[in-house]
Amino acid sequence: MSDGVRLVADIRRPARNGRPVPGRFPVIVTMTPYNKTVPVANMAGDYLVQRGYVQVIVDVRGTGGSHGRWEAFSAREQRDGAEVVEWAASPERPWSDGRVGLSGASYGGINQLFTAAQRPKGLKALFPVVPMGDSYRDVIGTGGQLGLGFVPLWLAAVSLTSVLPPTYSGSDPARAAEVLREHFGNIGAFQIALVLNALTGGDKAYDGPFYRTRSPLEIIDKVDVPTFVVGGEFDIFQRSEPMLYQRLAARGVPAKFVYGPWYHIDGVAPSVGLTIPGTPVPPGPSLQELMLRWFDHYVREVPDPGLDRDVAPVTYFENGSGRWVKTSQWPPAGTRYQAYRLSGQAVPGRPGTLTTGQGGGGPDYVPWNPFAGLCSRSTIQWAGMGFLKYLGLSCEHDNSRNDELGVAYDLPVDKPLRLTGPINAHLVVSTAARDGQLTVRVEDVAPDGKATQLTSGWQVLSLRALDEAKTVRRDGLIVQPYHPYTKASAKAVPKNTPVAVDVEVFPIAAEIKPGHRLRVSIQTADFPHLFPPLPQLGDSVGKGLKIWHDPSHPSWVALPVSPEPRRRSPPPRPTAGRGGNGPPAASGTGLQVGARTRPGSARSRRGTGTAHAPPQNAPGIHAARTRPAYTRPEGAHHRVSARLCDAAVCQLHQDVPHKGGREVREALRHTVIGAARPDRSMPRDGQSPHGPREGPEACTLDEGVAFRPVPSGGSTCGPGAGVVASSVRERSCAGSGTGSAPWPPARRGDRDRLAALPGPIAPLGPVRSILMFG
């Protein structure tokens, strides 16, 4: 890098017969703090490499095998991203055609935005999956308390993967020891110091320059390349993902937004080619297929007239109805905010009411309970990023027991109530304590009493001050409050005196069905998701609070009420497969999406951009279509006639040194795990890249140094197919190598040579670790 620090990268290249395909290709850059040798966490994109892209996977500074100090999205790390892009785009790279896209999920999605804001030469497009927008409000200091359920575990994960021996430990033990010393020292200097500072009420417990530097929403207006944002309605970054899209779209930057009913791991998995059973997915192209089309169009610069037709500006899942809705904006056009006022007398276990008229009754007492939230969806969403759902905890989908730890207010629903967008809970509260916290949940209560949490929000009483310039108002109501959360903005809570507090409740996308009840429940904690800094805890212990909602102290919730999606007449039923040449579509067995049907899945009720989610066994079923499927244009897709092979059928070169080979085998082992699933990789002559798969191949691990393909069901592969790793040796590259030499003109010729070579395309990776330094 320009400051002399060396970063380490893996270069994954298209290959045939165990050899890299000659020529220059567009490059996809991915930067990770989780060690590029760790399967899945390295975000390796073999799907793209098999289709003619080179992927450069970089350990960010202070992690993996890279030198330097890791400080999580520091200004220096952000600059590294731009330098890596220009290095990858340089004509000095013999495998690069100078055009670069960025891919990755979570951390690997966040740093895309920081990199793009610097506008490095050669950068063409982004595809951030579940990215953060505001480091303080999203996860570190949500509502003014500390993200205990996520932050320490995340810092521990980075620390653990950073002290794994680098791949060059055998060839250069002195340098490996130096890097490990740096990484071990950084754990105390940054990770542990950050947690202790925040926990003891230091400056990291409050918002300020540290977090503003690390918040993409601060620089999103500098991003001017096409960006496809993928978010989750139950993601840890649930709040900011729609905001990132809104800011891009408002400036006319080509942008798309998919918002699914996903926890963090649910959003990450499909971006790395994994399928989590039972996870709802949008109808139509898979996430990887969308990524391919996005990069083909904006990085490879091949026209795709059907992209906007097939992918709406916004696609979101509507909880409750189970529909995927396509719309032109977020929130949908026609959404109006309405105040529902708290009323009646609420006590734990016996809800009050919500009304559009004048509220009355109260005040209602909310007991102090530091463990409220433990049996709620928040624990699954925030403390486990979705992993805890595999424990089968009933609390994930039923918060009724947790609701009894506070008070609740219900609205009976007699016709469908659709809510789409952020929510504000304006509550008038009093307490005998010096401080306290409000947790507000919005829930769908079924006739049997089951309470499903749809979203939630939090607010520390002493940090209730509003930044009026950044607070969003609609229809005469505050709908998205913005609190500074600085130490200077803290206000004392007057003892036993009602004060107004606005609680930002994160975005919702749901339909409440007739016969159900909409519930707003309120508690004084959200453990283990959040935990107060120790001084704040001392000011809150033992004291509950009162919710006031009489005419003199109105408390209300601003809800984003959306209209019924417009409906269109259904298209004619398909009578043929792809291109009109396939067998007739089975009557009554297709999921309609636009003019597409998926054989074998449940029939959908047709609406404008709406469809029911496919059943759990739908992945892998291919569409019969009334209009031609997307086909990568000439010069972009690789025409091969050999039998398709799964990328997981791999052979490790015998020349891998014994000491280095183990790391490579471990890095490839995850590929073997997925070898039994059929491949969707390379198209044959005249086929779409998304066409039918060939028979599956299996792969077993030989106890020596080679992975060898083992045919299953009598099928065979073309010679040399699969992932090949050559000798792991490091090569130093002086400077960032950005250069300004003109590009060789024959880009299409290079692609044509690739297309003409016999045999399937497979990634060659990692070829070697590349060290970049200034």
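Visitor: Thr524 first. Buried or exposed?
Guide: Buried. The cut-off is under 20% relative accessible area, and Thr524 has 8%, so it counts as buried. Keep in mind that this is a predicted model.

Visitor: Where does Thr524 sit?
Guide: In the loop between strand E21 (517–523) and helix H14 (534–540).

Visitor: And what does Thr524 touch?
Guide: Leaving out residues up to four places away in sequence, Thr524 touches Val366, Pro367, Trp368, Asn369, Gln437 and Leu545.

Visitor: How far is Thr524 from Pro370?
Guide: In sequence, 154 residues. In space, 7.0 Å from C-alpha to C-alpha.

Visitor: Switching to disulfides. How many are there?
Guide: The structure holds 1 disulfide. Cys375 and Cys395 form it, with an S to S distance of 1.7 Å.

Visitor: Which hand?
Guide: Left-handed, because the torsion about the S-S bond of Cys375 and Cys395 is about -80°.

Visitor: What does the pair tie together?
Guide: Parts that are 20 residues apart in sequence. Cys375 lies in the loop between strand E13 (364–366) and helix H12 (377–383). Cys395 lies in the loop between H12 and helix H13 (400–403).

Visitor: Are those two cysteines buried or exposed?
Guide: Cys375 is buried, and so is Cys395.

Visitor: Now the helices. What can you tell me about H9?
Guide: Helix H9 covers residues 264–271. Of its 8 residues, 6 are buried, so H9 is largely enclosed by the rest of the structure.

Visitor: Which ones are buried?
Guide: In H9, the buried residues are His264, Ile265, Asp266, Gly267, Ala269 and Ser271.

Visitor: What covers them?
Guide: The cover over the buried residues of H9 includes strand E5 (96–105), strand E6 (123–129) and helix H10 (287–298).

Visitor: How do H9 and H10 pack?
Guide: Their axes are 7 Å apart, at an angle of about 60°. That makes H9 oblique to H10.

Visitor: Which residues meet there?
Guide: From H9, Gly267, Pro270 and Ser271. From H10, Leu287, Gln288 and Met291.

Visitor: What comes just after H9?
Guide: Gly273, with a positive phi of about 85°.

Visitor: Next pair: H5 and H6. At what angle do they cross?
Guide: Roughly 170°, and the axes come within 10 Å. H5 is therefore roughly antiparallel to H6.

Visitor: Who makes that contact?
Guide: On H5, Leu155, Ser159 and Ser162. On H6, Leu180, His183, Ile187, Gln191, Leu194 and Val195.

Visitor: What about the largest nonpolar core?
Guide: It has 74 residues. Those with the most contacts inside it are Val29, Val56, Trp70, Val100 and Trp154. Helix H3 (residues 107–117) gives this core its largest share, 6 residues.

Visitor: What is Trp154 in contact with?
Guide: Tyr34, Trp70, Ala72 and Tyr107, leaving aside neighbours within four places in sequence.

Visitor: His67 next. Where is it?
Guide: In the loop between strand E4 (54–59) and helix H2 (75–89). At 6% relative accessibility, His67 counts as buried.

Visitor: Which residues does His67 touch?
Guide: Not counting residues up to four places away in sequence, His67 touches Val5, Arg6, Leu7, Arg61, Gly62, Tyr168, Arg175, Glu178, Val179 and Glu182. As for Arg181, its C-alpha is 10.0 Å from that of His67, and the two are 114 residues apart in sequence.

Visitor: And Thr327? Buried or exposed?
Guide: Buried, at a relative accessible area of 14%. Thr327 has its place in strand E10 (residues 323–327). Apart from neighbours within four places in sequence, Thr327 is in contact with Ala312, Pro313, Val314, Tyr316, Pro332 and Ala333.

Visitor: Last topic, the whole protein. How many helices and strands?
Guide: The protein has 16 helices and 31 strands. Buried residues make up 61% of its 774 residues.

Visitor: What about the accessible surface?
Guide: About 28,000 Å², with 56% belonging to carbon and sulfur atoms.

How values were computed
Residues are numbered from 1 along each chain as its sequence is written. This is a predicted model: local features need pLDDT of at least 70, side-chain atom pairs count only at pLDDT 80 or more; totals for chains, interfaces and linings use all residues. Side-chain values use heavy atoms; hydrogens and water are left out. Helices (H or I, at least four residues) and strands (E, at least two) are DSSP runs, numbered from the N terminus. Buried means under 20% relative accessible area, exposed over 50%, partly exposed in between (1.4 Å probe, protein chains only). Accessible areas come from the Shrake-Rupley method with a 1.4 Å probe; for residues, only the protein chains shown count as cover. A disulfide is a pair of cysteine sulfur atoms within 2.5 Å. A nonpolar core is a set of buried Ala, Val, Leu, Ile, Met, Phe, Trp, Tyr and Cys residues joined through side-chain atoms within 4.5 Å. Contact means heavy atoms within 4.5 Å. Axes are lines fitted to C-alpha atoms, for helices over the stretch in contact, and angles run from 0 to 180 degrees between N-to-C directions. Angles under 35 degrees count as roughly parallel, over 145 as roughly antiparallel, 65 to 115 as roughly perpendicular and the rest as oblique.
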